[in-house]
Amino acid sequence: MTVHRDEAVFEDACHLKAAVATTGEMGGDAGHGGWTEITLTNVEGNCGIEVATGTEYSTDVDQVTLRVRGDAEMVVLANALEWAGRRLREFAGDRAEPLDGEADAVWSADQPPA
């Protein structure tokens, strides 16, 4: 199974690495084996990341991975992240710089990351 991977580091007063990995479309729901994930990593320990998994936040988390399974889930996650990025840039105003292109893709043919 081919797994498509890409990552980029984003810098301001902090450094955050975003990585994506996906099998791409596999023909349907999770039962067909497709999955997609996004991982956010606190590269230099200077991003305050908190994660809520219900009712409480865990503080000082250095990495967060969100995985969805299925073709539609991949598309819906991509749409949700695009919408969130657009809205956050609007809220940030002039401080938010537009992205200037795509990161270089890294292709791999392995099992999904553990």
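This is a predicted model: local features need pLDDT of at least 70, side-chain atom pairs count only at pLDDT 80 or more; totals for chains, interfaces and linings use all residues.
Asn-42 lies in strand S3, which covers residues 35-42, and it counts as buried because its relative accessibility of 7% falls under the 20% cut-off. The side chain of Asn-42 makes a polar contact with the backbone nitrogen of Asn-46, at 3.1 Å. Leaving aside residues up to four places away in sequence, the residues that Asn-42 touches are His-15, Leu-16, Cys-47, Ile-49, Val-61 and Asp-62.

Ala-18 belongs to strand S2, made up of residues 15-22, and with a relative accessible area of 19% this alanine is buried, since that value is also under 20%. With residues up to four places away in sequence again left out, Ala-18 is in contact with Asp-6, Glu-7, Ala-8, Phe-10, Thr-39 and Leu-40. Thr-65 stands 47 residues from Ala-18 along the chain, and the C-alpha atoms of these two residues are 9.8 Å apart.

As for the cysteines, Cys-47, which is among the contacts of Asn-42, is buried at 12% relative accessibility, whereas Cys-14 is partly exposed at 25%, a value that lies between the 20% and 50% limits and therefore does not count as buried. The number of disulfides in the model is zero, given that a pair of cysteine sulfur atoms would have to lie within 2.5 Å to be counted.

The accessibility values are set out together below.

| Residue | Relative accessible area | Class |
|---|---|---|
| Asn-42 | 7% | buried |
| Cys-47 | 12% | buried |
| Ala-18 | 19% | buried |
| Cys-14 | 25% | partly exposed |

How values were computed:
Residues are numbered from 1 along each chain as its sequence is written. Side-chain values use heavy atoms; hydrogens and water are left out. Helices (H or I, at least four residues) and strands (E, at least two) are DSSP runs, numbered from the N terminus. Buried means under 20% relative accessible area, exposed over 50%, partly exposed in between (1.4 Å probe, protein chains only). A polar contact is a pair of N or O atoms within 3.5 Å; within protein, one must be able to donate a hydrogen and the other to accept it, and residues adjacent in sequence count only if both atoms are side-chain atoms. Contact means heavy atoms within 4.5 Å.
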